[in-house]
Amino acid sequence: MLRITNLHATVGDKPILKGLTLSLNAGEIHAIMGPNGAGKSTLSYVLGGRPGYEVTGGSVTFQGQDLLALDPHERAAAGLFLGFQYPVEIPGVSNVQFLREALNAQRKHRGETPLSGAEFLKIARAQAAALNMDMEMLKRPVNVGFSGGEKKRNEMVQMGIIAPVLAVLDETDSGLDIDALRVVGDGINRIMRKPDKAVLLITHYQRLLDYVRPDFVHVLADGRIVKTGGPELALELEAEGYAEIAA
Amino acid sequence: MTALPSRKDEAWRYSNIDALARIWPLPAAENVIVPAGATFARTIVQDAGGVVQLALSIGKNAAAAIHVLNSGGDYGRVELNVTLHEGADFTLGCAQIGGGDQTLEIITTVTHAEPGATSRQLVRSVAGGTATVSYLGKVAVARDAQQTDSEQDIKAMLLNRSATANAKPELEIYADDVKCAHGCAIGELDPMGLFYLAARGIAPAAAKTLMLQAFVTGVFEGAADEDALIEAALKKLGELV
């Protein structure tokens with residue numbers, strides 16, 4: 001589904017990714033762990049197409065398409081969902097308006113008919129309920145005044161509504177308390193643990209992986225994958241630290 | 001004023017004098033007297049260029065609300081001269097949306113002549129291209145006008161670095177028990193916000209429109225024709241992004 005080959009990327013002329021190679025098949029959940037500054041967030045932004053994150057070499061294909069040739073909104077319409085480490089506040093724009101516009105823009109791009117307000121609200125209600133989020137919060141401006149945990153939960157509600165093919169989740173677990181972590185973990189499983197979907201989970205800690213069991217764990221250090229293993233690798237990392245494993 | 005102003009005149013310092021010369025001399029300003037206890041509302045849509053001048057005298061415990069969409073022509077200027085009597089209330093909600101080489105401006109003089117009056121000015125300007133959008137606003141509080149409560153809330157958004165926004169709130173206060181709040185901000189659309197919207201599938205122009213819509217349309221709150229104003233503002237924003 002996603003094939004990253006020898007990817008090099010710079011941020012403001014500073015090389016961050018230095019030959020990263022990684023493949024995900026449909027039905028798989030991959031976790032990427034690694035020390036601060038290894039390039040984890042850069043990888044997610046490069047996949048999402050954030051301006052300023054310049055690819056200087058390598059390739060990324062997503063379902064057979066050249067992902068890097070697409071604009072960020074086209075990547076979303078192609079089925080890529082980027083979960084933000086720091087979800088952005090958009091004052092004055094309600095969640096409901098934002099998400100309906102987003103979903104319908106994606107549907108239009110794919111040649112599908114747009115959803116009516118009622119159809120959209122039905123989906124939104126179901127997803128909000130599944131993630132214990134009050135509908136009132138969905139009527140409020142996007143992420144404005146939300147706590148860190150509420151923002152991450154909102155990301156999962158968005159993912160549920162948009163129903164992507166591939167989710168790249170950048171530290172979705174940071175800032176979550178134990179209960180919220182379980183809710184978010186359950187959300188990832190419910191929405192994305194399917195034979196035709198895949199997840200790239202970027203995380204610092206093992207604890208999210210107790211809820212979302214990865215098929216593969218990769219260690220990212222200094223811009224490359226330096227080690228790949230099964231779920232047990234995450235436990236090893238937790239016990240021994242990155243320095244030991246990445247050395 | 002009979003002689004054509006120049007940009008040395010403070011109230012015309014950001015104006016398009018060439019465009020002004022073509023329509024000079026201006027007709028006399030419209031004068032409206034709002035009687036004591038009455039309410040008055042007016043919507044001004046400046047969509048073809050020109051100068052709108054309105055003088056309002058708001059009587060004791062009367063209220064006036066003006067909503068403005070200033071968006072059309074090479075040069076569009078709205079001038080409001082407001083005098084508040086005891087306990088009167090004045091509200092202004094103004095959006096200015098300019099692109100190309102448009103010059104759009106709103107100039108207000110709000111005089112609190114007597115005690116206990118309130119005024120609130122909310123102005124949101126958007127400028128693209130090489131447009132210039134300006135707000136010059138003076139609040140004058142007379143010696144006896146205690147318990148005055150006035151606010152100027154002025155923000156402008158520049159769509160690119162070649163556009164210009166000017167904001168000049170001015171206070172002239174002779175009373176000592178007053179509340180005069182004023183805030184000005186000039187900024188650009190948050191690039192991270194735009195990327196966030198794009199990452200959810202919203203194309204760049206639609207993302208900008210969505211953010212600008214949120215920025216601008218609140219000024220029309222309470223207008224009788226709020227929906228029509230929002231629609232006209234969105235149409236203009238759609239042309240700019």
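Strand 1 (residues 2–11) of chain A lies antiparallel to strand 4 (residues 53–62) of chain A, and the two are joined by 8 bridges; strands here are DSSP runs of E with at least two residues, helices are runs of H or I with at least four, both numbered from the N terminus, and strands count as paired when DSSP finds at least two bridges between them. In this pair, A:Thr10 sits opposite A:Glu54. The model is a predicted one, where local features need pLDDT of at least 70 and side-chain atom pairs count only at pLDDT 80 or more, while totals for chains, interfaces and linings use all residues. Residues are numbered from 1 along each chain as its sequence is written, with chains lettered from A and ligands numbered from 1 in the order in which they are written.

Strand 4 of chain A also pairs with strand 5 (residues 65–66) of chain A, again in the antiparallel sense, over 2 bridges. A:Thr61 has A:Asp66 as its bridge partner there. The hairpin made by these two strands leaves 2 residues between them, and A:Gln63 takes a positive phi near 50°.

Elsewhere in chain A, 6 strands make up an open sheet of mixed pairing, ordered 6-9-10-3-11-12. Strand 6 (80–83) and strand 12 (224–229) of chain A are the edges; each has a single partner strand, so one side of each has no neighbour in the sheet. On average, neighbouring strands are turned by 20° against each other, direction ignored.

As for helices, the axes of helix 3 (residues 95–109) and helix 6 (residues 148–162) of chain A come within 10 Å and cross at roughly 35°, axes being lines fitted to C-alpha atoms over the stretch in contact and angles running from 0 to 180 degrees between N-to-C directions.

Between the chains, 17 residues of chain B are in contact with 20 residues of chain A. Helix 2 (191–199) and helix 3 (204–216) of chain B each give two or more residues to the chain B side, and helix 2 of chain B gives the most, with 7 residues.

Notes:
Contact = placed C-beta atoms within 7 Å.
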